[in-house]
Structures are given as C-alpha cells and as structure tokens.
Amino acid sequence: MSVARLVSSLQFCPAMCAPRNHDPTPSLQSRLFNAVLRQLPYKQQLASAEAVQAHVQKLALQPASFEPTGLGRGVEAILTRMGGWPVYYTAPASGHEGCNFVMFLHGGGYINEIVPAHWRFVGEMTRKANVVCVVPIYPLAPRATAKDLVPRTSELLRMLLEDAGSAKVTVVGNSAGAGLALAACQWLRDRGHRQPARLMLISPAADASVSRPEQIEIAARDPVQDIPGIVEAARLYAGELDVGHPFVSPLNGAFRFLAPMTIFSGTRDLLYPDSVDLAERARAVGVPVDLHLLRDQPHNYALMPTPEGRRARAMILRAVA
C-alpha cells in the first residue's frame with residue numbers, strides 16, 4: 001500500500017508517527033489557515049516551469065533583502081562573512097555565555113531568499129531557548145548550485161561544531177533548508193567529521209524528483225506547492241548534477257551514523273511521503289527518528305500561527321535549548 005493510501009485509510013498519522021494521545025483532528029485555526037493559503041500566490045508561482053523561470057528572472061533584477069526583520073525584543077544580530085557568504089549570528093541581549101548553538105537553514109526552494117517568517121522563528125529560538133543562532137545567507141539557484149552549496153554549507157557546519165566545543169549544536173532547517181541540512185550532514189559523515197546533536201527537519205525537501213504516483217493526488221490538496229514548479233526549481237539547483245544525486249535529493253544518500261532526527265510534516269504537504277520514507281530508512285540503520293506527521297497540515301505547518309504550529313515549535317525549542 002502506498003504511503004498516501006495508508007495514512008488516508010487511518011485518517012490520522014499511524015501510531016509510530018506521533019504521540020498516541022495526540023488529537024488527530026485539525027484545529028479550526030489550521031483549517032482556516034489552509035483556506036487562506038489557497039488565496040495567496042504561492043501555488044501559482046509553482047504551477048509551471050515558466051512561472052518559476054519568470055520568478056527567478058524577476059529576483060535577479062530585484063534581489064530580495066536578507067536582513068533580519070521581526071527578530072523581536074531581547075535579540076541581538078551580528079553580520080559576519082564566512083567563506084564569502086553573509087552569515088548572521090543572533091544571541092540573547094542578556095548575553096550568550098554558556099549558550100548552545102543552532103544552525104538555521106531557511107527554505108524557499110533554493111530560489112527564494114530568507115523571509116520575515118524565518119527571522120521571527122530565529123528570534124523565537126534565540127529568545128525563548130536561550131541559544132545562539134547561526135544563519136548562513138547562502139546564494140540562490142541558478143547562480144549557485146548543489147555542487148558548491150552542499151560542501152560549503154557543510155564546511156560552515158564543521159567550523160561551528162569545532163568552535164562550539166562542548167556546547168550543543170542543533171541544525172534546524174525547513175523545506176529546502178531541511179534538505180540542505182540533511183545533505184550537509186551526509187557530507188560531514190562521509191569525511192569523518194562529527195555530527196550535530198540533532199537534526200530538526202521541517203517539511204524536508206528530500207527527493208527533488210517528486211515522482212511518486214500518489215503525489216499527483218496530494219498536490220491537488222496542497223495549498224502552496226505544485227509539482228511542475230518544484231521540479232523546475234530542483235533542475236536549476238541541480239545544475240550539472242542529476243536531480244537524483246544525494247546533494248540534490250538526500251533521500252538517495254546513506255543514513256548510517258547520521259545525527260538523530262526530528263521530522264515535522266503534514267498530509268497536505270505533497271512532500272510528506274518522502275518524510276515517511278526518510279524516517280523508515282534512517283531507523284532501518286539505527287538512527288533515532290521522531291516523525292510528527294499530522295493530518296491535513298500543510299507544508300511548513302511548524303512555522304505557522306496555528307495550535308499545531310505552536311506545539312511543533314515548542315518541541316523544537318525544548319530540543320535546541
């Protein structure tokens with residue numbers, strides 16, 4: 001049975017995916033938020049390869065700002081450059097002595113810049129979990145491709161792990177950023193470097209091919225994503241690599257000896273079958289995985305202003321603190 005049919009038949013996440021006492025019924029707020037998302041232009045921007053190309057061309061002429069917006073009170077941000085990239089460090093205004101670290105890798109299909117919602121999440125982690133967040137502003141496709149982006153992100157993570165000493169380092173990524181986080185940890189493992197304490201993966205982009213038959217049906221229910229646009233963005237990010245290469249599709253990489261993972265996904269996210277596969281493959285080689293797959297939740301639900309999103313962020317805050 002396909003993943004989509006399995007979850008549909010159960011009408012909620014299987015027991016292994018989420019706590020047994022979790023109420024599987026989506027909240028009223030999340031149902032309303034799904035309706036609002038359908039009225040926004042996100043899905044239209046991914047409706048075709050041509051729409052993605054037009055969007056990328058527009059951003060090339062008018063690059064989006066990556067400056068921190070919405071960090072909130074009690075958070076300080078410092079801009080540095082590492083490996084030629086802008087990298088922000090955020091820290092509690094009260095001081096960062098003894099803080100643990102988070103590397104945050106933002107989503108956006110590898111073609112979109114970090115946005116205020118990402119910065120609000122970074123501010124929340126910094127302030128409420130009392131951590132230092134390291135936020136690389138990585139270059140976007142097609143100017144940068146996976147062949148360069150994965151090793152350079154991995155090197156930044158390696159340096160952070162070395163500099164952190166005994167402090168805990170957690171990698172948090174959403175969507176494309178979660179795929180990049182997974183690929184970076186595979187790169188570190190393959191070269192004998194240490195792993196972070198945990199990977200927190202929000203709606204990870206794990207398989208750029210988006211080729212499962214059930215994803216056609218899921219795409220019709222997904223309020224923000226569509227298959228043609230994701231495939232085109234992946235093609236731009238892959239560059240000279242095949243989209244099946246583990247740098248682009250880390251689901252095709254090896255999972256042995258990776259860091260423990262926590263994965264958040266929802267059944268209105270057309271990428272969710274890959275999250276289920278990711279959890280199963282990692283567990284099969286002994287990697288501890290917590291998969292939180294919630295019924296009728298959309299892509300990136302963990303960052304959204306809904307009860308489900310707030311519960312997911314509370315889990316993340318506890319994990320990174």
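Here are a few friendly notes on the aromatic pairs in this predicted model.

1. Some ground rules to begin. Because the model is predicted, local features need pLDDT of at least 70 and side-chain atom pairs count only at pLDDT 80 or more, while totals for chains, interfaces and linings use all residues. Residues are numbered from 1 along each chain as its sequence is written, and side-chain values use heavy atoms, with hydrogens and water left out.

2. Searching the whole structure gives four aromatic pairs. Rings of Phe, Tyr and Trp (its six-membered ring) pair if their centres lie within 6.5 Å; planes under 30 degrees apart are stacked, over 60 edge-to-face, and the rest tilted.

3. One of the pairs is Tyr88 with Trp119, edge-to-face at 5.4 Å centre to centre and 85 degrees between the planes. Tyr88 sits in strand E2 (residues 85-92) and Trp119 in helix H5 (residues 116-128), so this contact ties together parts 31 residues apart in sequence. Helices (H or I, at least four residues) and strands (E, at least two) are DSSP runs, numbered from the N terminus.

4. Both partners are buried (under 20% relative accessible area, where exposed is over 50% and partly exposed is in between; 1.4 Å probe, protein chains only): Tyr88 has 6% and Trp119 has 1%.

5. Phe104 and Phe121 also pair edge-to-face, with ring centres 5.8 Å apart and planes at 75 degrees. Phe104 belongs to strand E3 (residues 100-105) and Phe121 to helix H5, so the pair ties together parts 17 residues apart in sequence. Phe104 is buried at 0%, and Phe121 is buried at 3%.

6. Finally, a cluster: ring pairs link Phe66, Tyr88 and Trp119.
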